[in-house]
Amino acid sequence: MMQPSILPRPGKKSAAAWIASGPPRRADRFLAGLSGHALRALPWLFDFWALDHQLPPPGNWRSWVILGGRGAGKTRAGAEWVRAMVEGTTPMGRGRARRLALIGETYDQAREVMIFGDSGILACSPPDRRPKWEATRRRLVWPNGAIAQLHSATEPEALRGPQFDAAWLDEFAKWRRARETWDMLQFALRLGRHPQQVVTTTPRNVPVLRELLAMDDTVVTRAPTEANRAHLAKSFLAAVKARYGGTRLGRQELGGELLETVEGALWPPALLERCRGGKPGALGRVVVGVDPPATGHAGSDACGIIVAGARTEGPRESWRAVVLADRSVKAASPARWARAAVAALQEFEADMIVAEVNQGGDMVEAVLRQIDPLVPVRKVRARRGKGARAEPVAALYEQGRVTHLPGLAALEAQMERMTLRGFEGDGSPDRVDALVWALMIDGPAPVGEPRIRML
């Protein structure tokens with residue numbers, strides 16, 4: 001075995017990446033310090049090659065959940081954890097675990113991914129410690145006598161009877177019978193001094209996963225697809241970013257985010273999915289909606305700045321709106337958000353800035369005019385609660401009258417948590433407020449100024 005000092009782990013890089021990214025003498029010194037045995041063992045030492053999210057966290061945990069995007073290296077982490085549990089210091093030496101459960105959604109998926117996959121157990125195991133696959137018994141047998149039994153999540157009752165000291169569960173969040181299988185496994189995970197289990201999955205908002213993440217003896221590591229880019233085709237990354245970047249599906253499948261669904265949301269995920277895509281087309285009107293923060297220091301809420309346009313051909317009921325961009329900023333000072341709002345006005349050649357003045361009054365307009373004395377500003381004042389103001393705008397989405405361009409993930413994340421009761425998220429829904437002002441300007445217009453109503 002290699003000495004710990006030979007395996008540096010600086011920052012989030014793997015030791016291998018740290019060595020490779022340095023000057024040539026760093027790699028020369030490292031390799032010169034290895035014996036012949038160590039050089040031969042190096043390809044099989046996962047601690048050397050692994051990323052941080054692929055290594056078990058410290059502590060006395062029972063469940064380790066690896067949440068990651070597609071291709072983030074979850075399967076490799078699960079397979080290597082099984083190796084670390086099973087293998088001893090010699091090929092015949094005893095490891096920490098002797099009886100393991102390997103559970104996939106189906107037998108076929110478990111076999112092809114967890115056992116025979118490119119990142120599966122057989123591919124990760126050195127020749128002298130590689131287990132044998134007994135197809136008729138659906139199990140792996142190691143030279144030291146350890147056994148891993150394959151199970152399908154479609155047959156949870158098959159976990160009655162067997163007992164284990166470790167388990168690996170792959171793509172747990174997509175199992176149709178996840179709860180039944182999980183419960184049966186917990187009764188079977190009873191051997192040894194401290195049974196443990198690893199769950200590798202792309203996150204989905206399912207109750208059994210949420211409950212697992214909330215348990216006191218669960219630890220979690222997370223990683224987006226991008227974290228494992230060194231082992232992924234550049235064309236793949238470019239294609240999926242172009243197609244799914246900034247979408248809810250992309251946040252889940254690429255970002256590895258667990259996306260929650262709020263009961264009574266005015267913009268449920270399915271509604272937002274329908275509104276994405278398309279091109280802006282010829283716009284008869286463009287407005288920059290601004291929701292200034294109540295204060296102007298580093299701890300303030302962000303300043304919501306949303307740019308929206310409208311296709312205004314024909315009668316008003318046929319008009320359609322397009323949300324063009326989110327230019328919201330964390331407002332360290334009024335001058336900063338004012339500059340961002342004016343820049344958005346100029347970038348999109350907008351007709352005006354529509355700004356809420358409940359908190360700042362005339363100061364809001366004054367700050368904007370310090371940046372551009374001629375900037376067209378329409379001041380609006382909120383007279384109803386946030387949920388009540390947002391409801392008619394949500395109705396426009398339900399009617400199919402609003403579309404979103406790419407790059408609005410932060411806005412959509414707030415929209416998913418807005419209900420008639422108010423905002424169910426952290427902080428203020430600054431982006432949603434700015435969206436509401438941009439799409440639905442209400443209240444009388446000042447004397448001499450035409451009433452502006454996007455839709």
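**Exercise 1.** In this predicted model, find how many residues the largest nonpolar core has and which of them have the most contacts inside it.

*Solution.* The largest nonpolar core holds 28 residues. Those with the most contacts inside it are Trp81, Val82, Leu102, Ile121, Leu140, Trp142 and Trp168. Next, look at the elements that supply the core: at least two residues each come from strands E1 (63-68), E2 (99-104), E5 (147-152) and E6 (166-170), and from helices H5 (74-86), H6 (107-115) and H7 (121-124). H5 gives the largest share, six residues.

**Exercise 2.** List the residues that leucine 102 touches, not counting those up to four places away in sequence.

*Solution.* Leucine 102 touches Val82, Met114, Ile115, Ile121, Leu140, Ala148, Gln149, Leu150, His151 and Trp168.

**Exercise 3.** Describe how helix H13 and helix H14 cross, and which residues make the contact.

*Solution.* Start with the axes: those of H13 (residues 334-347) and H14 (residues 362-371) come within 9 Å and cross at roughly 65 degrees. H13 is therefore roughly perpendicular to H14. The crossing is right-handed. H13 contributes Pro334, Ala335, Trp337, Ala338, Arg339, Ala341 and Val342 to the contact, and H14 contributes Val364, Val367, Leu368 and Ile371. Sorted by class, the contact has 10 nonpolar residues, no polar ones and one charged.

**Exercise 4.** Locate asparagine 228 and decide whether this residue is buried or exposed.

*Solution.* Asparagine 228 lies in the loop between strand E8 (218-223) and helix H10 (234-244). Its relative accessibility is 9%, and buried means under 20%, so asparagine 228 counts as buried. Leaving aside neighbours within four places in sequence, asparagine 228 is in contact with Leu51, Gly71, Ala72 and Gly73.

Definitions and conventions: Residues are numbered from 1 along each chain as its sequence is written. This is a predicted model: local features need pLDDT of at least 70, side-chain atom pairs count only at pLDDT 80 or more; totals for chains, interfaces and linings use all residues. Side-chain values use heavy atoms; hydrogens and water are left out. Helices (H or I, at least four residues) and strands (E, at least two) are DSSP runs, numbered from the N terminus. Buried means under 20% relative accessible area, exposed over 50%, partly exposed in between (1.4 Å probe, protein chains only). Contact means heavy atoms within 4.5 Å. Axes are lines fitted to C-alpha atoms, for helices over the stretch in contact, and angles run from 0 to 180 degrees between N-to-C directions. Angles under 35 degrees count as roughly parallel, over 145 as roughly antiparallel, 65 to 115 as roughly perpendicular and the rest as oblique. A crossing is left-handed if the near helix is turned anticlockwise from the far one by less than a right angle, and right-handed if clockwise. Ala, Val, Leu, Ile, Met, Phe, Trp, Tyr, Cys and Pro count as nonpolar, Asp, Glu, Lys and Arg as charged, and the others, Gly among them, as polar. A nonpolar core is a set of buried Ala, Val, Leu, Ile, Met, Phe, Trp, Tyr and Cys residues joined through side-chain atoms within 4.5 Å.
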